[in-house]
Amino acid sequence: MTINKKTSILAACAVLSICAGCSETKKVESLPLTLLDTNMAPQDVELKWQKDYETLLSSFKNSDQFSDKSMFDLTDLTGDGTPELIISPSDEVNTQCIIYTMRGVKAENIATIGSYGQFDYLPAAEAVGYAYNGDGFVIGEYQTLQEGFFQKDVSFYNNTESASSGAFIKYEINGEDVTLAKYEEALHPYKEATAFKTGRKYTFGDDAIKYAIYYSESWSSVLRDEQKKAFSDRLSAILENADLKDAAFEIVDLDLNNIPELVVSTGILSDSQVRIFYFDTNDVKEIDVSCDTDGGLHYDMTSKVFYATDFDGKLQCWSMAGADINSFKPSESNMKCGRKNLLTADSIAKALA
């Protein structure tokens, strides 16, 4: 499906052209700004971490660790307003993510954690963690920020899944045997916190790296207050629906015209809804599309096509840039989108500050 956003833009341009041609004076009057006018282009926003992270990605891409399964992410794990760079070498079971942060004027490794090349980020608990389900057992760890580094707060193990085979059931916290009650008490703060998978958002294609570094974190500077309020109002209205426990959102430029769209995922199941809001001249319009099996979308920057894949591997494609979707095949530059921020009042305020 090709979505036409250009009609109102072209109409506005035509009016401007006619007015310019009929002008009989040299006086230039500025026209009122519309929702299509931003403060600046995203690539004109300069952030202190961009060059360092771009260098780290380039270095990793040329290392022995890199493969076609490597991916990366940018997420503010420390809550200081600057995203951490997360590199996922592969999606193998024993693969951990490497987390970098900006320390002064240089990037520094502050953690290694995860399984299958990803981990859980728990904003409310200010923690990261993972759990690996093995053959009859579960093992994992949660880390919290301590003196500038993510360090182990609690590790855990249980083999309750082996009960049917007659195994002696054990519960361990930080390597020590504990009762079930103590086990649950130690993990309670983390089990109660909302978490989402982090680490495998972007592929390592050139266009994906460019978008992540120079577009994805720039929108608070690009958007004018009127545009921020328009998106904030839509998100707040959705937030009022108490049934949307796992809803999330992300600001994404789905046609790379430097004017972003707002992508909202109502949940993490395959029957969840994805709602896309975009600016018209003086209004915000909406389209609804299908989602991936995890409630989000994929976006291919090279082709300017976003798409969803069902459990059978069938693609549904859309384009807001007029791209040919009939012959579309994903390039090496794509990203998962729609679930960058959990839909909370706090995350709305931070994303649109």
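Visitor: Which residue of β13 is the bridge partner of Phe249?
Guide: In this predicted model, local features need pLDDT of at least 70 and side-chain atom pairs count only at pLDDT 80 or more, whereas totals for chains, interfaces and linings use all residues. Residues are numbered from 1 along each chain as its sequence is written, and side-chain values use heavy atoms, leaving out hydrogens and water. Strands β12 (residues 248-252) and β13 (residues 261-265) run antiparallel and are joined by five bridges; strands (E, at least two residues) and helices (H or I, at least four) are DSSP runs numbered from the N terminus. In β13, the partner of Phe249 is Val264.

Visitor: Which strands stand at the edges of the sheet?
Guide: The open sheet has five strands in the order β15-β14-β13-β12-β20, with antiparallel pairing; pairing requires at least two DSSP bridges. Two strands have a single partner each, so one side of each lacks a neighbour in the sheet: β15 (284-289) and β20 (341-342).

Visitor: What angle does helix α6 make with β14?
Guide: Helix α6 (residues 225-239) packs on the sheet, touching β12, β13, β14 (274-279) and β15; contact means heavy atoms within 4.5 Å. Axes are fitted to C-alpha atoms, for helices over the stretch in contact, and angles between N-to-C directions run from 0 to 180 degrees. The angle with β14 is about 155°.

Visitor: Is Lys201 buried or exposed?
Guide: Lys201 lies in the loop between β11 (196-198) and α4 (206-214). Beyond its neighbours within four places in sequence, Lys201 contacts residues including Asp73, Glu250 and Lys336. Relative accessible area under 20% counts as buried, over 50% as exposed, and in between as partly exposed (1.4 Å probe, protein chains only). At 8%, Lys201 is therefore buried.
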